[in-house]
Amino acid sequence: MRAAIRLSYDNLDAAARRTFRLVAAVPGAVTTGEQLDACLPVPALRQELLLNRLVDRSLARHTAFVRTFSGGVLASFALFDLVLLFAKERLAQEEPEEDVHDVTYRSVSFLRDQLDRINRGEPDAELSGALDPARFHAAQRMAERHGWLDLALELAEGVTSLYRARGELDGEVAANDVRVALHLRREEPAEAIGLCRDNAELLRDSDGQRALLHARRARDIAEAHGLLVGAAEADFLISLIQWGQGDAVGALTSGQRSVAGLTALGRAATAVPVAINNSKLAYDTADPEEARALALRAHELAREHGTPRLRASALFQRQRSELWVGNYSEAVALAEDATTAFTEIDDRWNAAVACGNGARAAEALNDDLAVRDLRARAVDHWQHCDAPRHLVTALIDLSATHLQLDEVALAGEALTRALTALENVDSASEFGALSSQLRLRHAALYALFDVTTRDKGLDHALEAAVEGLSHDDNPDPDLELLRAALHHYRTTGKGRGKAEKAARQLLFTPTRHPSADEPWLHEALGTEPISRPALDTDAPPGGAPPEI
C-alpha cells in the first residue's frame with residue numbers, strides 16, 4: 001500500500017505534491033480550495049483543481065458538498081487515513097518548518113473567520129445546518145497545542161454560538177468546558193467561573209446533577225484562586241439547584257455558607273435575597289426555631305441593605321416564622337407591616353397573602369374583629385389581581401368570619417360576591433371542588449338562616465345548587481353531611497335542625513379547599529449600592545439599580 005501511495009505521489013506535478021503535503025498541516029486534515037487560498041499564494045480555483053487531482057489519483061476524497069447562497073457548490077477534501085500518514089512524513093521531510101507553521105496558523109485563522117461569518121449569517125458562508133463542526137473543533141485543538149490561546153478561545157466561543165443557534169445543549173455545554181480550560185490557562189479564573197455558572201444554568205431544568213457539578217466546579221475554581229465573592233455566589237447557585245432537586249437541607253447549608261461569605265466580605269446587599277431564601281428553606285427542614293432565627297436575620301439585612309421589594313419579602317417571611325412558632329401577636333403586627341410594604345410597591349398579590357396570614361394569627365388569638373378586618377382587606381387586594389380562585393377563597397373565609405360575628409347578611413353578601421366572581425370566569429369548570437363547596441355554602445345559608453337577598457338576580461336557586469354539586473376525589477365529610485341533610489330537607493321539608501347543625505359545622509369555618517401558590521425562591525442576588533462622591537447629589541447614570 002505504501003508503495004502504491006508513493007507511486008501516485010511521485011506522479012504528481014510539483015504544485016500538486018505541495019498541496020498534498022500541506023493538507024496534512026491544516027486542522028483535521030480537511031480543507032477547501034478557499035482555505036488553501038488563504039494559506040498560499042495560489043488562487044482558490046487553482047487550489048480546488050489541485051485537490052480534485054488528488055481525488056483522481058485516489059489520494060483524497062470529497063467529504064462534503066455545501067451549496068452556497070449564490071447557487072455555487074463548495075467542496076471540502078480530506079486525505080484517506082493511510083495516505084495522511086504518508087503526507088505527514090513528506091511534510092516533515094520536504095517542507096521548511098516555518099512554512100508549515102505559517103500554513104497552520106493561516107488555516108486556523110481562516111476557520112476562525114469562517115466560523116464568525118457563519119454565526120453572523122453572512123451570504124455564501126457555509127450553512128451551519130449542513131456543516132460538520134469537526135473542522136472548527138480541530139482548529140481549536142490545534143491552536144491550543146501551538147499555544148495560540150487567543151485564537152483557540154475565539155474558536156471555542158464561535159463553536160459555542162454555533163451550538164446555541166442549533167439548540168444543541170450538550171454541544172454548547174462541552175464548548176463552554178473548553179473555554180473554561182482555556183481561561184484557566186490564560187490565568188483568567190473569573191471568566192472560567194462565569195462559564196461554569198453558565199453551564200449550571202443551562203442544565204438546571206434538564207439535568208440537575210450535572211448542573212450541580214458545574215456549579216461546584218465554579219466554587220472550587222473561585223476558592224483555589226482566592227476569589228471569595230465568586231465562591232459565595234457559586235454557593236447561592238448551588239443552593240438553588242439543590243432546592244430544585246428536593247434537597248432542602250443541602251440547599252439551606254449552601255445558602256447559609258453563601259450569606260456568611262458575602263456578609264464577611266462586606267457584600268450585605270448582595271446577600272439579602274439569599275438570606276430570605278434561607279428563611280424559606282427552613283420551612284422544609286421542619287425546624288420552627290431555625291426558621292424564625294433565619295427570618296429575623298433576613299429581616300435585619302433587608303431593613304439595612306435591601307430594596308423595597310426585598311424588605312417587603314423579608315417582612316413576609318418574618319411574619320410566617322412568628323406564626324409558625326406561635327407568636328401570634330407579633331405575627332399580626334408583622335402582617336400589617338408586610339401588607340403596607342407590599343402595597344407601597346403595588347404588589348397586591350403578596351399584600352393579599354400577608355393579610356390572609358395575619359388573619360390566621362388573629363384567629364389564633366380569638367380576635368374576630370381583627371380577623372374580619374384582615375380578611376376584608378385580603379379580598380380588596382385580590383380584586384386587583386387576576387386570581388379568581390384566590391378571590392373566591394378569600395370571600396368564603398370572610399363569610400365564615402361574618403357568621404362568627406353574627407353578621408349573617410354580610411356573610412350572604414360575601415358568598416354572593418364569590419358566586420359572581422366565579423360566574424365571570426370563562427373556565428369556571430376548572431374550579432371543581434371549590435365551586436361545589438361555594439354553591440353548597442350559598443344554598444345552605446339562604447335556605448337555613450334569616451337572610452334577606454338584596455338583589456333578586458342573585459337569589460339562590462336551591463335545587464340547582466344542590467343537584468349541580470360535583471364531588472372531588474376525597475370528599476370532605478362535613479360537606480357530604482351538609483349536602484345530604486340539605487337535600488333531605490329540600491325534598492321532604494323535614495330535618496331542618498339536622499341541616500342547620502351541619503351547616504354550622506361548615507359555614508362558620510374557612511374554606512375546605514384553600515388556594516396554594518407554588519413555592520419559589522429568589523433567583524437573583526442583590527445589588528450593591530453605587531459608590532458616589534460625598535458631595536454628589538445627582539442620580540447615578542441610568543437611574544437606580546433594577547429591583548429583583
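A residue counts as buried when its relative accessible area is under 20%, as exposed when it is over 50%, and as partly exposed in between, with a 1.4 Å probe and protein chains only. By that rule, 48% of the 548 residues of the protein are buried. The model is predicted: local features need pLDDT of at least 70, side-chain atom pairs count only at pLDDT 80 or more, and totals for chains, interfaces and linings use all residues. Residues are numbered from 1 along each chain as its sequence is written, and side-chain values use heavy atoms, with hydrogens and water left out.

The protein has 25 helices and three strands. Here helices (H or I, at least four residues) and strands (E, at least two) are DSSP runs, numbered from the N terminus. A contact means heavy atoms within 4.5 Å. Of the contacts between residues at least 6 apart in sequence, 64% join residues at least 24 apart.

Next comes the largest pocket. A pocket is found on a 1 Å grid over the protein atoms alone, as an open set of points where a 1.4 Å probe fits, with protein on both sides within 12 Å along at least five of seven lines; lining residues have an atom within 4 Å of a point. Grid points are joined across faces, edges and corners, and the volume is the space filled by probe spheres set on the points. The largest pocket holds about 1,200 Å³ of space. It is lined by 41 residues, and the closest to its centre are Phe316, Arg320, Val353, Asn357 and Asp517. Helix 18 (348-364) is among the elements that give two or more residues to this lining, and with eight residues helix 18 gives the largest share.

Trp349 lies in helix 18. Leaving aside residues up to four places away in sequence, Trp349 touches Trp382, Cys385, Asp386, Ala387, His390 and Asp517. One of these, Ala387, is 38 residues from Trp349 in sequence, yet their C-alpha atoms are 8.6 Å apart.

Two loop residues remain. Most residues other than glycine have a negative phi. Asp346, in the loop between helix 17 (328-344) and helix 18, has a positive phi near 60 degrees. Ala29, in the loop between helix 2 (14-23) and strand 1 (30-31), has a positive phi near 55 degrees. Asp346 is exposed because its relative accessible area is 60%, whereas Ala29 counts as buried because its relative accessibility is 7%.
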